Amino acid sequence: MGPRAAPLLPLLLALLGRPDPGRAEGCDLQPVTLEPPITLFYATSTVPWGCVSSSSLRTSQEVHVLSAEWSKAPAFPLKVSVMPQAGGCNRSAVLVLLCAHCSATVTSLCPDLRIHTDAHLSPGTTTALGAELPMVTSEEQLLAWAQDTYGGITTYSKLQDPRWVQLRLGEDARSPPHCIPQEHFNAMLYLETEVFFHKMKGCSRGDTQSTRAAHIIHLQSESSSPITEVNLTLSCPERAVNNQILILQSRTNLTWSLSVNNCSIQFIVSGNYKITSMSPMLHRGEHLPDTEQGLVTKAFEKNYSVIASFSTIPPSARISLEIQEHEPVKRVPETPAAPAPTASLPYLLLVMLRPWKCTDETMEIIIARSHLEPIKDVVNITLRDINCQAEKNATHFMLKTPLSHCGTLVEDRGLANNELILNLAKGTVLQSVRVAFECMIPRELFLRLFPTAAFEAPQTELEVNKEVFVQASMRWEDHPADLQLKECWLVAPGQEPMLLVQSGEARGTGVALLEGPPSSHGRKVWRFRFTYAVPEGGRVPFSATLKCKAGLQNNTIFEKVLEVTVKDGWRPPNNRGLGLATVLGITFGAFLIGALLTGGLWYIYSHTRKYPPPLRTPTVGLRGEAHASGLPMFAPGSSPQVSQGPGYCHLLYGPPGNCTGE
């Protein structure tokens, strides 16, 4: 944040009519009475008053009446463009324009368009000028004159703060017979206009000394609105500072298409959004509250303490926002510097993505590689200390570091600042893009569980009968001494809550307070240890909840809940066991599967088995008598003898020899 940002605070406070921010309790939105910090236009077809009728069908021409008013004297001429209907300029047309002697330019593709107006027409007007309008003092008189003069009125529209108007000719026989003005009339069938928005509000938080300003646009929701995409064009002055944020609130199913010119502003968007100057890729926004107070609170949570502009507008498909430069005419001579990095695509992309996030202890950078597709050849990403290099995988660049490392500077205002450096390969040259950023440290209570007294490597696992160490911490830069740890509880299902700490004192068995590190930059730390034991006869739960509350003396309470997993020494982690019914079911299933497999195998075996053919009794020649049992007999000392028969040898019992014929 440079020295040029300093004059912004008193100027914004003067704009908001609050000379002394210290007197305000909170932030009460009030109309901005002086020169606004922004110029806002939006396109709409809803007019304050309007009507349509078929009364002109009985006449020789269609008649369109426009009445324009301004909250402030317009800085530009009113532009009116008259477009023919789809079939061309088939009928004569009359335009009645009442604008309190404004400057206007009227163009039309229909040469026979006649105009009745009290405006000062510029040389660019391309239509024929009819008779001068009579002196009228009300809308009723104007409509009565048009009705009497031409016998009917096709359309009537009253406009508030118009910048340009596009009117489409044509008549519809289905329209009402008479043009009776209605409030908040939808003229979408024949008219579109871009109007100035002058009803913006602003405020500042009473205790602020910051120059960080927020601009909020609240787009009203209408269920009947056909709009699905909003095109927003944002322009900034040449010397724009980067300590501003734009919050865009709408219904969640709306897509914002952002076109950014010469701006290094930060965004918070509801619904989806894309930055057309960088990439057509859609980014998911975040859920935003839909009330004034909720949106102001959101800006405060992001550490933007000045609501420079709050604008509530009806549904619109096109919005143009110009952030004005309000600084004294006398300027301090500037030291020549390198060209502003806002012209760099990587610079703009990082400013829009805001990939940094802080806790009270750490800074984390996460960038999806898909977001870097418009930037080619990203070699690596580092912080101010180039030794702190982001790890990369197939989808992301990631870096996490303590706030005391990597050149991070923590300010007393609850901000941590550093630089994000993209190193790009441009041919053989390594090019670096540096983006200085501020990361807001949330004003919330942080709760961490550690396995040892070193308070390193936090975990979410609580082991039974084993000592664990708890750290609660919070940053409150205003008055950190007023912060107190009110109480801490351990709540497990089916058991009585266990009070650990109350009013800064240890409670319960096995609980002891520990000395924490000294406070720095408004950060206060409380530490204690305890041992979790299961009551006798009780069962070990699978999870528990650690709850702590810290607060101020004015009863402002901050609460934090940490879900932990309970681990028993004999039970493997995350093993919930099996019930009796499950075991019996598995046993029966295994038995049934085994029986079916056995039966199937037996069936296959019985149908594929081959039996051997029956044995045939061989013809055996005997020397001597056969034994009574039918077995051959041979003399002692003799050997079997083979005799050759027809085609084979018979085995004979006799002296050794070769097969012989009979």
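Me: Which side chain does glutamine 266 touch through a polar contact?

Reply: The side chain of glutamine 266 pairs with the side chain of tyrosine 304, at 2.5 Å. Bear in mind that this is a predicted model.

Me: Is glutamine 266 buried or exposed?

Reply: Buried means under 20% relative accessible area. Glutamine 266 has 9%, so it counts as buried. As for where it sits, look in strand β20, residues 266-269.

Me: How many salt bridges are there in the structure?

Reply: There are 19. Take arginine 163 and glutamate 194, whose closest N and O atoms are 3.0 Å apart. Arginine 163 is in strand β12 and glutamate 194 in strand β14, so the pair ties together parts 31 residues apart in sequence. Arginine 163 is partly exposed at 26% relative accessibility, while glutamate 194 is buried at 9%.

Me: What does glutamate 361 form a salt bridge with?

Reply: With arginine 523, the closest N and O atoms being 2.8 Å apart. Glutamate 361 lies in the loop between β25 and β26, and arginine 523 in strand β40, so this pair ties together parts that are 162 residues apart in sequence. Arginine 523 is buried at 12% relative accessibility, and glutamate 361 is partly exposed at 25%.

Me: Which residues are linked in a network of salt bridges?

Reply: Asp360, Glu361, Arg448 and Arg523.

Me: And what about the protein overall?

Reply: Its secondary structure comes to five helices and 44 strands. Of contacts between residues at least 6 apart in sequence, 67% join residues at least 24 apart. Buried residues make up 43% of the 662.

How values were computed. Residues are numbered from 1 along each chain as its sequence is written. This is a predicted model: local features need pLDDT of at least 70, side-chain atom pairs count only at pLDDT 80 or more; totals for chains, interfaces and linings use all residues. Side-chain values use heavy atoms; hydrogens and water are left out. Helices (H or I, at least four residues) and strands (E, at least two) are DSSP runs, numbered from the N terminus. Buried means under 20% relative accessible area, exposed over 50%, partly exposed in between (1.4 Å probe, protein chains only). Contact means heavy atoms within 4.5 Å. A polar contact is a pair of N or O atoms within 3.5 Å; within protein, one must be able to donate a hydrogen and the other to accept it, and residues adjacent in sequence count only if both atoms are side-chain atoms. A salt bridge is a side-chain nitrogen of Lys or Arg within 4 Å of a carboxyl oxygen of Asp or Glu.
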